[in-house]
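These are my notebook entries on one structure.

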Amino acid sequence: MPNLDLQQLVPAYIQAFEAYYPSRPDRDLMRTYGVNSLHRLNNNENALGPPPEVSGVVDEFPPKDVPVYPNGDCFHLRQALATRFGMDEEQFLVGNGSCEVIASVIKAFCEEGDNIVTADKTFAVYEWVAEFSGFEARLIPLKDHAFDHRAMLDAVNERTKIIFVCNPNNPTGTYWDRDTLTRFLDEVDNRAIVVIDEAYFEYVEKDDYPDGMEYIEQHPNVVVFRTFSKMYALAALRIGYLCGNREVVDQIRKTHIVYSVNTLAQRSAAAALSNDGSFIRATRDMGSRGQGTFMPHVRRVGAGIRLQRGQLPDGAGSHARHPHVSQAYEKGRHGPDHDRIPFSQLDTSKPGTTARDGRLLLGLSRSNGRKQ
């Protein structure tokens, strides 16, 4: 068999990149560790499941539609998004999860020698897509667990094409308030595309939290990401979207893959948008009850745990903490040095959750003193 010279065929930036291997399926992990239950706390999945409007779409999905290709550009869903947010349907692009729209934006604006700017402890896919596409990712350390807007501005140079701001930040839960975001955009002054990733937009209840879509008209370089995976609990269907200035979106459309979002995902997302808001309120209430269950135990455990509850320590400036995220700090090989525990997984008023919650809290107690 002839030798295959991968050193010659594979670009140097791919050879230097470390592949990401997801954990094995739950059943395999349970068999490996000899346990009969496993609860993934790091994915921030909505324990309520999707809105009731989605259940009918899923239950009644006709088998005759399975061999038919989906609508290539999510036409009806983009119409629903435009109606919901008072935009034009051509200002939206829908992708197979937020990861796909991240890739589309980077492909649209970056060329050899360009860079992106983002934080070192945030959603890692910004960095990954840039680096395995051959572009530099300038990673700015967090300050008080939040994006450091001054340091990010200082990192911008003439080859910076995109700045990624995760607001609220995944996974630390901090966010830029309206004044901070406004000042930042004014100082960027259209020198680069600013992506505001609002995957957790629907969870934030603070009055000073900014709506990224409200900036698009005055700041044409703003592109907003949102997802149906978190609040709307469509994670298995993989569907997210972006919104921006029409001329900017037209450029991104050139690099965006069509037909990548399946029919069930499109219909389910449109159904989720039709909810009257009661589902969002129920999810927020569930998270608040989870906080009430979890926090007394964490205070008792003490070392190694840090909670995000909506307030920063004194002197932390204009950032505030997302109320539905907590962290158990444990240094990892990749990404942030902590794990996320969604409070929505800790609501003992939800049938069937008490035993699970007890196992988690018992595990925290047993781990106290070992994870420093």
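**Aromatic pairs**

I noted that W176 and F184 are both buried. The model is a predicted one. I then searched the whole structure for aromatic pairs and found 15. For F123 and Y126, I read 5.7 Å between the ring centres and 80 degrees between the planes, so this pair is edge-to-face. Y126 is buried at 0% relative accessible area, whereas F123, at 24%, counts as partly exposed. W176 and F184 make a tilted pair, with centres 4.8 Å apart and planes at 55 degrees. I also recorded one aromatic cluster, formed by F85, F92, F228, Y232 and Y241.

**Charge over rings**

I followed R226 next. R226 lies over the face of F85, 5.2 Å from the ring centre. The charged end of R226 also sits over the ring of F201, at 3.6 Å from its centre.

**Cysteines**

My search of the whole structure for disulfides returned zero. I looked up two cysteines: C74 is buried at 2% relative accessibility, and C166 is buried at 3%.

**Helix α10**

Which residues of α10 are buried? In this helix, residues 246-253, I listed V248, V249 and I252. They span an arc of only 95 degrees around the axis, and therefore lie on the same side of α10. I found that their cover includes the strands β1 (92-95), β6 (193-197), β7 (222-227) and β8 (240-244), as well as helix α6 (98-109). At the N-terminal end, N245 caps α10, with a side-chain oxygen 2.9 Å from the backbone nitrogen of E247.

How values were computed
Residues are numbered from 1 along each chain as its sequence is written. This is a predicted model: local features need pLDDT of at least 70, side-chain atom pairs count only at pLDDT 80 or more; totals for chains, interfaces and linings use all residues. Side-chain values use heavy atoms; hydrogens and water are left out. A disulfide is a pair of cysteine sulfur atoms within 2.5 Å. Buried means under 20% relative accessible area, exposed over 50%, partly exposed in between (1.4 Å probe, protein chains only). Helices (H or I, at least four residues) and strands (E, at least two) are DSSP runs, numbered from the N terminus. The arc is that of the directions from the helix axis to the C-beta atoms. Contact means heavy atoms within 4.5 Å. A polar contact is a pair of N or O atoms within 3.5 Å; within protein, one must be able to donate a hydrogen and the other to accept it, and residues adjacent in sequence count only if both atoms are side-chain atoms. Rings of Phe, Tyr and Trp (its six-membered ring) pair if their centres lie within 6.5 Å; planes under 30 degrees apart count as stacked, over 60 as edge-to-face and the rest as tilted. A charge sits over a ring if NZ of Lys or CZ of Arg is within 6 Å of the ring centre and within 35 degrees of the ring normal.
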